[in-house]
Amino acid sequence: MASVNPFNLSDSEEEAERRPNESVDTERSPSDGAPGPPPGNPFSPPAEAEPPTPLLSSNRTSPNGEGISASAPATSAMAGSTEARVSVDIIAAQLLRDQFILTALEFHTELLEAGRELPRLRDYFSNPGNFERQGGTPPAKDQVLGPGGPLNRAGSISTLDSLDFARYSDDGNRESDERVAECEVSSQERKNLKSSPEIQEPIRPLEKRALNFLVNEYLLKNGYKLSSITFSDENDDQDFELWDDVGLNIPKPPDLLQLYRNCGNVTPSQRDTVDVSVGVDPSELPGNCVASEFSKKPGLSQQQQTEVVQELEYQLSLLNSEKQSLADQIKKLQSEIQTLKRSVSSPPPATLDLSSQNSPHPSSSSNIITSCTDAPSVDNGQNLEGRGVSEPGNGGDPPAKQKTSQLQSCNKTRVHFDQPNRKLSPAFQQALLSFCRMCSDSRLGAEVSRIADSEESVMLMLGRCLPHIVPNVLLAKRERMVAHLCQELIPLILCTACLHPEPKERDQLLHILFNLIKRPDDEQRQMILTGCVAFARHVGPTRVEAELLPQCWEQINHKYPERRLLVAESCGALAPYLPKEIRSSLVLSMLQQMLAEDKADMVREAVVKSLGIIMGYIDDADKYSQGFELMLLSLGDPSERVVNAVHQVFIPAFSAWSTELGNLHVALIPSLLTRIEKLLMQGEHALDEHKLHIFLSALQSLIPPLFALVLQNAPFTSRAKVHADTPAIEVTRFPRPASPLQDIATIIGSREILSALLQLYDHQLELEGTTGWDSLLWVVNQLLPQLIEIVGRINVTSSTCVHEFSRFFWRLCRTFGKIFTNTKVKPQFQEILRLSEENVDASAGNGILTKATVPIYATGVLTCYNQEEDRKLLVGFLEDVMTTLSLSHAPLDSLKASFVELGANPAYHELLLTVLWYGVVHTSALVRCTAARMFELLVKGVNETLVAQRVVPALITLSSDPEISVRISTIPAFGTIMETVTQKELQERVKMQLASFLEDPQYQDQHSLHIEIIRTFGRVGPNAEPRFRDEFVLPHLHKLALANNSHTVESKRIDIATQLFEAYSALSCCFISEEVMVNHFLPGLRCLHADMEQLSPEHEVILSSMIKECEIKVENRGMSDAQGSISIASSLVGEDAKTKFLSKMGQLTTSGAMLANVFQRKK
């Protein structure tokens, strides 16, 4: 393309055609109010009122020394009227010709701001050739010859068009237009940029990465480590340790220093160069406007341009000849394809159907993929159905013909995959594969999921995909756009990798697919997985093993977790399409390695899900033990999301395989029970509750497949038929499954089949019995007794263990049904517990009542069903346990555990209050004492309405009981009410009752009552309302401490002093007003100090420190009050001292020696 002549008055061909009409301005019509621009020339400004100045009347010398008279053409241009005006284009040409460059630039800026850009000025200032040297000869004395003479050299490689003129304009709406204009720079301007020795093209991404690598290497070698670190942080998308990460397929170049030393040794090519300048011919001035443009490139001579043209023409001829040769070859190959099609059209295609094989070893026949798998080049063209183009080559080459014939013979053969020897229901198999995250509900997903298999389908696919790819190529500047472009390329890559005849090229394409996106997100990984599955369906297991699996193996240790996650998900998604030997060996080993070594939770989660899918397709019984170890390993994973994946996918799939092998009730469940028993034997004193939770949760996940096994092996299974009138399964019949794979309907096959089986199951249990039902007899005679024995050995005080086993029995009973629970489960528990009045005094019969069997039976079995008779049975059981334990003076831990577990559910609050009211009105004082103590456990979870209506009246009744022990037992419950209830009326009632205990003379010598009150105050005081603490708790503690000084019985004195010490230690962490501190807290501490000084010197040291701290606080507050104001700083200091004191008190234990050390360091 020719360069722009800045002195040519015609800026374009269109303008040149209009120039004769615009050289002379239109005369102003008398009827016009104001002269307008000439039609067709939007850049002409309105005429001025005064005549134009004779701008073109001067004579100047052109750069070549010729004298050019401008007045004559100017005069002729303005002839016709004195009011004619000069075109802005003429003014611009005159300014450029006379080298008024700055004036022209200012003129150009004003036109831009007015929204009337002049093409002549735009082209001139955007052409770097107008501001740089045009040849290799150096200029004279720091001057460069410009278009019109000597011109000062530009100080930067930037051209004037790089200035953002719109920044300084008030018209902000043109910014977007100018950005669009930047994208539409003409190719002539790009060539001008390349032709200039000082102007460089924008740096390419790979060039930038290579230079970044060399610069970082230079910084490290020369000791600029901090700079290197900063440089690496600013380029975090690049790995500076590997040259291959740059992306250039070339060896690493020399370091930066070597490149610098060698850059000057290159001998420049010897060419004849001359200085040139641009001049203006007189014929180009206004009045003789002829459109002419330079046809020469600014930086190239005529000879060089001719050489370039000749070279391009030669290359074009080569390409045309190659095109003709390939077209001939395509025609020849197409004729060969037609001949082969005609030759194979008579016999039917040889297709191997696994179901029709009569081989004595049907599993071995599944290894046969196609009828031409023994051909030497089956991998080179499998499933290339209907392709019109094969590998380029000589049409007469016999190997090419042989390859083509082999490819076409395989085209008509269907792909077969190894079908595992498994009996999974289709619903279960579909639910298992649903954990492979595919993406086919979008346009791109649908495109990826179907691979073109013929020339016509390839063309259709290209027609659909290219319109979405091309716009992204043009706009791929941001990372998000690049990622979207990569996604759009996936169908093309897959189609080419599937149909390409060369294995090396296919391997390279699949490598590109797996490395297409550096850190693929969920959607991108789903798209790639969908493509891999489509590829596998199309090419068969042999090529999946040979081509896809190596790509997974290469990235198993990739530094980005997203890439490893893609590998883990691919192993599961490709499992159905792999040879069964590879499925149970290589893929299983890959996933086992990632599960044991990968540090990313999300990768291990995907590994577990893929392992579950593998377990759904594996049929090698020798791998059972390896699967069991993988289950235990994944259950012990520290990540909760990994453990959830185990219960959702792996255990259901593994249990289904175990069921088919006959190992579910023979090996799998007994092995977990054995581990639980061993754990209980080893941890009698310190049970590992985490391991117990692992094994018990695994057992809980095995309940659905166990029940499915019972149904499938029942005597009535063969009679089960689905009828139209088969009733639907109740929604609440089974517990909510943790995943679709734990849904019993999915395991059985459908809800209709399950409904029919459940009808027969209930009928069989209720009327016909379990004779001949081996699987159910195993549950009744072996599983249940072993579980009940284990339950009796766990620690009843461990709320975690009690809760875990309760949930297990609840799910077991709900799954097996109400008839099974009533006839098989409850009788076994009742036989062991033996709740009868005759056995109250028999210690052997009551030992089991103190263990975890009671709360687990109450909360795990009796709460499964919530009908009236079930609730009555639960109430009666709890009443009997409370009575039996109370009358036998046994520990109440089992009853407390039952109340805690049931109290967590508000639905059972009324039931528990009914049980306690039974204890309140019981004739035995022991039972009434037990009921009073149980109220303490229930108050915290019950709403205040029930507390006011049911709890407080019952406690008031017990507080006036004739037995003093019953009254004392109500104190902890009263204290808990003061700690949790906010109603003023309730608080006042409770406060009055506590005051009667403290102030009534009949209780003055009740040592146990005082101990219970002090213990309750120390427990609830820190959390109770401050007013209750300041006005009631601390004054009464002061009185009790003062009274204890004069106590005569030393044992009782030390008991009260110890309880007082614990109470004061807890209350010292609270904010106490100065008045209460002086009147009650400090005096009470001093009284306690007097007791401890005689009875316990260890506690005396700690009390001395506490008294000193409190006295300092009081003194500081007194000094602040004396000054008249408390500053913010001093309040902060006080809070800081309080914080320090609280932190010290938080370290207190009941050991007096340790407490003394803490306060000793404080001193």
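Visitor: What makes helices H27 and H28 roughly antiparallel to each other?
Guide: This is a predicted model. In it, helix H27 (residues 664-682) and helix H28 (residues 689-701) pack at an angle of about 155°. Angles over 145 degrees count as roughly antiparallel. Therefore H27 and H28 are roughly antiparallel. Their axes are 10 Å apart, and the crossing is left-handed.

Visitor: Which residues make the contact between H27 and H28?
Guide: From H27, they include Ile 669, Leu 672, Leu 673 and Ile 676. From H28, they include Leu 692, Phe 695, Leu 696 and Leu 699. Arg 675 of H27 and Lys 691 of H28 also take part.

Visitor: How many aromatic pairs are there?
Guide: The count comes to 21 aromatic pairs. One of them joins Tyr 624 and Phe 654.

Visitor: Why is the pair of Tyr 624 and Phe 654 called stacked?
Guide: Two values decide. The ring centres lie 5.2 Å from each other, and the limit for a pair is within 6.5 Å. The planes are 15° apart, and planes under 30 degrees apart count as stacked. So this pair is stacked.

Visitor: What does the pair of Tyr 624 and Phe 654 tie together?
Guide: Tyr 624 lies in helix H25 (residues 624-635), and Phe 654 lies in helix H26 (residues 640-661). So the pair ties together parts that are 30 residues apart in sequence.

Visitor: Are Tyr 624 and Phe 654 buried or exposed?
Guide: Buried means under 20% relative accessible area. Tyr 624 has 12%, so Tyr 624 counts as buried. Phe 654 has 0%, so Phe 654 is buried as well.

Visitor: Why is the pair of Phe 816 and Phe 820 called tilted?
Guide: The centres are 4.9 Å apart, with 35° between the planes. Stacked needs under 30 degrees, and edge-to-face needs over 60. Phe 816 is buried at 0% relative accessible area. Phe 820 is buried too, at 0%.

Visitor: Which aromatic cluster holds Phe 816 and Phe 820?
Guide: One cluster is formed by Phe 707, Phe 716, Phe 734, Tyr 761, Trp 773, Phe 816 and Phe 820.

Visitor: Which charged end sits over the ring of Phe 734?
Guide: That of Arg 733, 4.4 Å from the ring centre.

Terms used:
Residues are numbered from 1 along each chain as its sequence is written. This is a predicted model: local features need pLDDT of at least 70, side-chain atom pairs count only at pLDDT 80 or more; totals for chains, interfaces and linings use all residues. Side-chain values use heavy atoms; hydrogens and water are left out. Rings of Phe, Tyr and Trp (its six-membered ring) pair if their centres lie within 6.5 Å; planes under 30 degrees apart count as stacked, over 60 as edge-to-face and the rest as tilted. Helices (H or I, at least four residues) and strands (E, at least two) are DSSP runs, numbered from the N terminus. Buried means under 20% relative accessible area, exposed over 50%, partly exposed in between (1.4 Å probe, protein chains only). A charge sits over a ring if NZ of Lys or CZ of Arg is within 6 Å of the ring centre and within 35 degrees of the ring normal. Axes are lines fitted to C-alpha atoms, for helices over the stretch in contact, and angles run from 0 to 180 degrees between N-to-C directions. Angles under 35 degrees count as roughly parallel, over 145 as roughly antiparallel, 65 to 115 as roughly perpendicular and the rest as oblique. A crossing is left-handed if the near helix is turned anticlockwise from the far one by less than a right angle, and right-handed if clockwise. Contact means heavy atoms within 4.5 Å.
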